[in-house]
Amino acid sequence: MKVVLSALAAGLVFGLGLIVSGMVNPAKVLNFLDIAGQWDPSLAFVMAGAAGTVFIGYRLVLKRPAPLFAERFNVPTATKLDARLMGGAAMFGVGWGLVGFCPGPALTALGTGAMPALVFVAAMLAGMAGWRWLVRD
Amino acid sequence: MDTPTAFTPLSALAGGVLIGLSAVMLMAFNGRIAGIAGIVGGLLGPAPFTGLDRYWRLAFAAGLIMAPLIWLAVTGAMPEVSVTDSWPLLAVAGLIVGAGTQIGSGCTSGHGVCGLARLSLRSAAATGVFMAAALLTVFVTRHLV
């Protein structure tokens, strides 16, 4: 139960961070990506604030023997740079650049009741499920 | 959708710190990376997670979706979401983002925030590739087409 409530709290804080930072708004994301146009560098500050906080926070947390409500830390161990990683990342980047939604902000935008977010999230879930069915993952 | 937006470094930084704190919380409490594509993807497909592993994923997603309601309660306004209203474009982009994040094992949060902070070479490479692809896509759709 604790593991569920703590995930709910973390999700809320994440969503509020997306709102406060403006990243929930695709117009801001696309303007960040539009260096040749009306560039809005705000999102670089979002990434710096987030990655900086995690860099420090993980250092403190991962020193502990285990998380508070689970048996162990689940940290990715893969190290290989392969075509699947690069190809998937390239696909994701194209989709992100088309409308300005990535998975987190799309879910938070869904909570505002915006209809385009519903269309995007439905397609995104279909894309995720489709690939997993295809490779039986 | 060339809506101009204001440069807001302070709120961007503050929001970024909140996102980071969320990721640190999820690691400290549950021992998990705050990668949205991985968390949500684990609910889908032929072999989705079950039991508690399913419920914490649903709870995290529910928190993301409920955040605007908290924002509304506190500030009296919904956050601004300015996006194309073309359903075909949204559907195509959603499909590509969904499949791409599962193929590439992560998105802006898992690779771009948590992975970079862990100094993961895979995440650094993935972040470089998706940023480049997104920049190129915006350049093509806004300046060439």
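Helices (H or I, at least four residues) and strands (E, at least two) are DSSP runs, numbered from the N terminus. This is a predicted model, in which local features need pLDDT of at least 70, side-chain atom pairs count only at pLDDT 80 or more, and totals for chains, interfaces and linings use all residues. Residues are numbered from 1 along each chain as its sequence is written, while chains are lettered from A and ligands numbered from 1 in the order in which they are written.

Start with chain A and the record. An unreviewed UniProt entry lists residues 42-62, 83-101 and 113-135 of chain A under "transmembrane region". Such positions are given in the numbering used here, feature names are shortened, and annotations may be inferred rather than shown by experiment. Residues 83-101 of chain A are 89% helix and 0% strand, with end C-alpha atoms 24 Å apart. Residues 113-135 of chain A are 87% helix and 0% strand, and their end C-alpha atoms lie 33 Å apart.

Now turn to the contact between the chains. Chain A gives 111 residues and chain B gives 108 residues; two residues are in contact if their C-beta atoms, placed from the backbone, lie within 7 Å. On the side of chain A that touches chain B, α1(A) supplies the largest share, 18 residues.

Finally, take helix α6 of chain B, residues 121-144. Why does its length fit? Its 24 residues should span 34 Å at 1.5 Å a residue, and the end C-alpha atoms are 33 Å apart, so the two agree. The expected span is 1.5 Å times one less than the number of residues. The buried residues of α6(B) pack against α2 and α4 of chain A and α5 (108-117) of chain B. Among them are B:Phe130 and B:Val138; buried means that 20 or more other C-beta atoms lie within 10 Å of a residue's own, C-beta atoms being placed from the backbone.

Definitions and conventions. Buried ≥ 20, exposed ≤ 12 C-beta atoms within 10 Å, placed from the backbone.
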